[in-house]
2 protein chains.
Amino acid sequence: MDGVDHLAHERNKAQFDVDEMKIVWAGSRHAFHVSDRMARLVASDPVFRKDNRAMLSRKELFKNTLKKAAHAWKRIIELRLSEEEAGKLRFYVDEPAFTDLHWGMFVPAIKGQGTDEQQQKWLPLAYKMQIIGCYAQTELGHGSNVQGLETTATFDPETDEFIIHSPTLTSSKWWPGGLGKISTHAVVYARLITDGQEHGVHGFIVQLRSLDDHMPLPGITVGDIGMKFGSGAYNTMDNGVLRFDHVRIPRNQMLMRVMQVTREGKCVQSNVPRQLIYGTMVFVRQTIVADASSALSRAVCIATRYSAVRRQFGSQDGGIETQVIDYKTQQNRLFPLLASAYAFRFVGEWLKWLYTDVTQRLQANDFSTLPEAHACTAGLKSLTTSATADAIEECRKLCGGHGYLSSSGLPELFAVYVPACTYEGDNVVLLLQVARFLMKTVSQLGSGKRPIGTTAYMAQAEDLLQCRCRVQKAEDWLKPSILLEAFEARAVRICVARAESLSKFPNPEEGFAELSADLVEAAIAHCQLIVVSKFIEKLQQDIPGKGVKQQLQILCNIYALNLLHKHLGDFLSTGCITPEQASLANDQLRSLYSQIRPNAIALVDAFNYTDHYLGSVLGCYDGNVYPKLYEEAWKDPLNDSVVPDGFHEYVRPMLKQQLRNARL
Amino acid sequence: MDGVDHLAHERNKAQFDVDEMKIVWAGSRHAFHVSDRMARLVASDPVFRKDNRAMLSRKELFKNTLKKAAHAWKRIIELRLSEEEAGKLRFYVDEPAFTDLHWGMFVPAIKGQGTDEQQQKWLPLAYKMQIIGCYAQTELGHGSNVQGLETTATFDPETDEFIIHSPTLTSSKWWPGGLGKISTHAVVYARLITDGQEHGVHGFIVQLRSLDDHMPLPGITVGDIGMKFGSGAYNTMDNGVLRFDHVRIPRNQMLMRVMQVTREGKCVQSNVPRQLIYGTMVFVRQTIVADASSALSRAVCIATRYSAVRRQFGSQDGGIETQVIDYKTQQNRLFPLLASAYAFRFVGEWLKWLYTDVTQRLQANDFSTLPEAHACTAGLKSLTTSATADAIEECRKLCGGHGYLSSSGLPELFAVYVPACTYEGDNVVLLLQVARFLMKTVSQLGSGKRPIGTTAYMAQAEDLLQCRCRVQKAEDWLKPSILLEAFEARAVRICVARAESLSKFPNPEEGFAELSADLVEAAIAHCQLIVVSKFIEKLQQDIPGKGVKQQLQILCNIYALNLLHKHLGDFLSTGCITPEQASLANDQLRSLYSQIRPNAIALVDAFNYTDHYLGSVLGCYDGNVYPKLYEEAWKDPLNDSVVPDGFHEYVRPMLKQQLRNARL
Ligand SMILES: Cc1cc2nc3c(=O)[nH]c(=O)nc-3n(C[C@H](O)[C@H](O)[C@H](O)COP(=O)(O)OP(=O)(O)OC[C@H]3O[C@@H](n4cnc5c(N)ncnc54)[C@H](O)[C@@H]3O)c2cc1C
Ligand SMILES: Cc1cc2nc3c(=O)[nH]c(=O)nc-3n(C[C@H](O)[C@H](O)[C@H](O)COP(=O)(O)OP(=O)(O)OC[C@H]3O[C@@H](n4cnc5c(N)ncnc54)[C@H](O)[C@@H]3O)c2cc1C
């Protein structure tokens with residue numbers, strides 16, 4: 001049956017131009033071609049094979065990752081790949097590795113926080129990978145609370161050096177990726193002390209290992225923190241532990257772009273504004289949102305294809321059974337996730353624009369949009385990563401028992417993805433920051449300070465507190481203005497209600513603490529509105545390709561109406577909509593499911609994922625699931641021998657009733 | 001610091017008698033003692049060590065499990081343990097193994113479906129483990145739809161044998177635990193064919209492997225299906241694949257309690273009612289609900305203890321930071337899960353009673369309660385396993401970054417637990433069955449047929465459709481009658497509304513299909529009511545011990561009010577409560593969190609879990625988390641050498657710019 005496309009009948013049903021949708025998904029024709037080329041490059045190279053990962057021991061797994069990283073770098077050099085291409089290539093290699101931190105955190109930290117001089121010294125080394133760096137912030141005792149870090153950097157004016165030291169067990173650096181075994185250098189965050197005085201937490205470039213023999217330098221204890229979730233997943237990464245025993249580094253290895261320590265040990269603020277650093281945060285979080293849409297779309301692609309292959313029940317008179325994708329419960333679980341993948345893609349695209357905008361403003365010394373941009377990226381990071389983690393697991397469940405096999409690709413996708421809910425800011429801690437910003441925004445309404453950016457709708461608070469939803473029949477829910485108004489009204493009303501509750505507390509901080517769970521809900525309402533509104537904005541653009549825009553419109557409506565259903569309590573308790581309107585929304589949602597159904601396979605084809613990248617027997621392009629599942633099974637090492645190792649020692653004595661005398 | 005109890009101050013805060021709570025949790029004083037003794041026995045035996053699991057290869061892991069299984073059996077024999085004790089011992093060994101299926105499915109299948117003669121022949125062999133059996137139902141192509149199984153059992157009157165055969169690839173047995181490498185026998189489900197006619201799916205005892213050399217018998221292909229979710233988890237189990245090539249078994253190996261095939265190949269119904277078999281299903285699902293409360297309580301115990309140890313933010317003037325358990329967002333995520341653990345425990349206890357009741361009735365040929373009992377256990381299986389799977393992952397996230405380490409115990413707990421949402425009935429498929437039953441019940445209201453058991457409240461449908469919630473102040477929500485009425489009203493109103501929507505479809509089956517997502521919500525509303533009502537019933541009993549009942553009352557209210565908040569859309573859209581009452585419920589919930597807070601640690605101590613069973617550095621009894629985390633890290637094989645394997649081949653050439661010439 002090789003070469004047969006078992007999903008051809010599904011592909012033929014599509015009512016839109018898949019190739020054009022691929023361009024929309026990729027962001028541009030150019031981006032599509034780069035991505036497509038890199039995906040094929042990786043898929044066709046046997047070194048990048050990944051189907052054997054679940055069977056490797058930690059050491060083998062890790063060694064294999066080193067090999068892939070070196071090979072990827074070799075190909076990047078040989079083919080003279082651009083930065084964009086190199087990034088995509090690493091993306092398709094699809095394995096957490098020390099290089100992620102080197103390129104994603106170490107280099108940006110030096111760029112963002114280093115002086116020009118420091119950048120000139122360190123960046124060329126990093127760009128050529130003559131040094132490999134990581135980002136050592138979190139400690140055993142402190143992650144979320146960065147100001148609580150305990151590692152110290154004490155200036156010694158005698159030698160013009162900083163002494164980096166780990167004074168307690170909990171001050172041990174803990175978690176940095178690439179630290180455990182590979183990095184030669186790290187940006188280490190530590191409390192700056194000069195002249196007996198503390199000056200907050202700053203970054204320092206510290207060499208960790210000899211460039212000759214890779215041994216840790218004197219005073220440095222470093223190692224791997226051990227196994228993490230999953231069998232492959234982040235176990236390809238050497239997240240590390242690091243302790244300093246009075247390690248000395250030259251003064252000029254403190255990253256001094258915003259604050260300098262002089263030869264005399266004086267702290268001097270530079271004329272570069274502190275806020276510049278927030279630009280980096282916006283950048284990193286924007287990439288996390290983009291990654292969310294990648295991970296989510298990958299899971300959705302697998303679950304959608306398998307749901308079209310899998311048949312269960314519903315056979316009349318011994319005929320063919322129903323494809324499980326035709327069950328409304330399956331659709332109700334799956335299609336909103338498909339819609340979310342597209343929604344997150346577009347909001348991620350918009351965040352890229354936001355980052356450019358913020359950067360340009362910062363360069364012009366305009367900090368006015370920064371707090372809003374910061375809150376918005378924090379909130380979207382939280383929203384999209386939480387939703388994606390849950391969605392991957394739901395996709396796994398949508399595949400029934402077979403989703404539990406490693407060969408489905410979904411267990412490892414989950415295991416490798418979930419830490420995104422924790423790193424770069426715990427999702428709940430981030431939502432609390434958003435809530436704080438929202439409460440401030442509400443408190444300033446009417447003060448003449450106009451809310452900007454994604455909070456601009458709050459300027460219409462008075463109207464939104466009064467308005468009544470105009471839906472009278474199910475199709476009314478398809479009107480963007482009606483949808484938007486419902487989401488805006490919900491967000492404003494919840495925010496204003498929370499602000500009122502807060503105002504009853506004599507101590508605002510106590511009030512914030514007491515009501516924090518409710519405040520998180522306000523933040524979520526606001527962030528969901530952002531995603532819905534950016535999707536709607538996208539649809540206001542010109543989108544070429546037969547049927548492409550129509551499909552996106554359906555997906556946008558599914559995304560919004562599903563959220564409305566899930567958070568119905570919000571909409572009803574604030575009087576934004578009536579129970580009857582809610583019921584009409586539900587009717588409309590069901591009808592949208594039927595509309596999207598024939599396009600489902602083509603909509604996941606539009607992600608343009610190779611079978612290599614998907615890494616899933618259930619999600620393979622040709623839908624030839626069962627022979628592949630069967631074949632995979634036999635590769636397990638347990639099948640190397642018919643009678644398993646241990647049988648004669650442990651099971652046979654049991655069967656032969658000889659256990660009593662057996663020495664186990 | 002060894003021997004210091006870092007949580008002593010928390011334990012001192014408890015306002016109730018922990019020892020008495022332990023009895024309540026265990027179910028009885030006797031059950032507590034058995035459980036306590038077995039837990040210690042396992043914890044103190046080095047063979048049962050499990051902290052090294054994440055580092056073993058699949059083969060080593062599997063071999064280790066065989067050793068533990070044999071050792072457990074040896075101890076059971078040596079100590080002449082009772083069935084209850086043996087069960088508990090296996091529970092605390094805490095590793096999926098072939099013995100689970102032998103005792104949990106193979107033996108019960110023979111007991112439930114075998115004739116007296118068959119039981120006399122096979123059970124003694126199984127009891128002594130002279131044979132080891134598994135339960136081979138699911139195939140590559142069919143799991144949920146048992147009637148769609150393709151394996152055939154064709155009667156050959158010439159030889160008085162059945163010919164067991166796998167006619168297609170998708171008919172390969174796939175998933176049975178214990179099948180892959182260990183079982184000597186299986187109960188195989190196959191379509192019975194005699195005289196060219198099909199007679200549905202039946203169970204057959206089939207020998208798979210030689211009792212001499214353990215080799216598969218002629219015509220049998222059998223192996224392991226490969227790696228599954230997680231690194232340890234279910235990878236200790238040899239879930240298997242099995243194909244038959246015209247394998248012959250004697251006629252008397254068909255399980256013939258309800259239907260017999262005669263020497264001539266005639267099918268004859270016995271006088272044993274078919275329904276008897278449903279009793280087994282009630283039994284198995286009752287154990288699954290009990291397991292849910294175990295898994296959930298375990299995760300909650302880890303997250304609660306760690307939340308009391310972990311401090312982050314909130315230090316005034318360099319003082320000690322706030323315990324994260326004191327943040328209301330943390331409480332709002334954690335305490336409802338603590339409450340759920342107790343709620344599921346009590347509903348599980350009640351299900352045990354239900355099983356006894358059903359069994360007695362069946363023996364007296366009273367089948368009247370069976371459909372209700374069947375729906376109720378299906379629903380509770382679905383509800384508790386879905387909630388538990390989500391809760392374990394939430395507990396992991398509650399531990400921040402450290403929850404992602406294997407040494408936290410939570411990743412593997414999740415990986416090993418989640419298939420409970422799929423096996424013994426996919427949770428969505430089960431809820432659809434419940435919905436079907438509820439729709440039938442509603443349609444019979446007023447017909448004179450009184451709804452019974454957990455649907456008895458529907459007899460008050462008329463009142464419940466009219467009633468208005470009497471809550472006027474927050475404390476009113478503490479009244480059991482008010483809570484119960486709100487949940488009953490919600491369930492009835494949703495069911496009746498769905499029934500009305502259904503009635504508008506000319507074809508009821510089409511209506512059911514179209515509305516199935518909404519129907520699932522009706523089923524959930526009904527099942528949540530069951531859990532709430534059984535918790536309330538429990539509190540009507542006499543519960544001794546200082547403060548014990550008070551704590552349970554708080555937990556019951558937290559459980560119910562949190563559900564109310566999560567499903568607010570249901571309660572508001574059906575007019576069961578007003579937005580103001582919802583807001584009062586929320587106020588009450590916050591106050592309950594404050595009340596439970598000082599008792600949180602003692603409430604998880606009451607589960608009486610040993611550190612061995614918990615298997616978590618973050619959850620250890622003494623709260624001495626950081627030194628243990630640090631120590632664990634160094635045990636990873638990657639730390640065997642300072643410079644990792646692969647460095648010289650792959651990383652050094654990169655650093656030295658010699659990659660271009662390197663042969664990778
Ligand atoms: C795979 C992975 C890779 C990582 N890579 C790196 C790296 O390269 N470099 C690096 O420096 N770090 C890294 N980290 C660490 C990561 O940044 C931290 O784990 C993260 O910031 C969360 O902090 P925490 O672990 O201290 O969580 P905690 O803050 O301890 O969270 C525990 C719980 O407390 C709650 N909580 C905390 N504070 C509050 C509050 N104020 N209000 C309410 N609730 C609160 C949280 O919501 C959570 O439920 C990595 C982590 C992981 C898992
Ligand atoms: C760890 C593990 C251990 C197991 N052990 C055993 C064992 O020992 N013996 C054994 O025989 N089996 C075993 N199984 C198999 C298990 O019983 C099946 O996987 C389970 O019954 C689910 O069936 P499925 O895989 O066919 O799911 P499917 O039915 O294929 O489910 C796929 C999707 O379709 C949906 N769906 C299916 N039917 C409908 C419908 N009518 N309406 C709406 N939606 C529908 C489901 O909700 C799901 O989302 C095991 C499985 C696992 C994961």
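A residue is near a molecule if one of its heavy atoms lies within 4 Å of it. By that criterion, residues from chains A and B surround ligand 2, so the site is shared between the chains.

The structure is a predicted model, in which local features need pLDDT of at least 70, side-chain atom pairs count only at pLDDT 80 or more, and totals for chains, interfaces and linings use all residues. Residues are numbered from 1 along each chain as its sequence is written, chains are lettered from A and ligands numbered from 1 in the order in which they are written, and side-chain values use heavy atoms, with hydrogens and water left out.

Of the 30 residues around ligand 2, those that come nearest are Arg310(A), Gln330(A), Thr138(B), Ser144(B) and Asp426(B). The shell comprises 14 nonpolar, 12 polar and four charged residues; here Ala, Val, Leu, Ile, Met, Phe, Trp, Tyr, Cys and Pro count as nonpolar, Asp, Glu, Lys and Arg as charged, and the others, Gly among them, as polar. At least two shell residues each are supplied by helix 9 (328-363) and helix 10 (370-398) of chain A and by helix 12 (427-444) of chain B. Helices are DSSP runs (H or I, at least four residues), numbered from the N terminus.

Individual atoms show how both chains approach the ligand. From chain A, a polar side-chain atom of Arg333(A) lies 3.0 Å from an oxygen atom of ligand 2. From chain B, a polar side-chain atom of Thr138(B) lies 2.7 Å from a nitrogen atom of ligand 2, and a backbone N or O atom of Tyr135(B) lies 2.8 Å from a nitrogen atom of ligand 2.

How values were computed:
A polar contact is a pair of N or O atoms within 3.5 Å; within protein, one must be able to donate a hydrogen and the other to accept it, and residues adjacent in sequence count only if both atoms are side-chain atoms.
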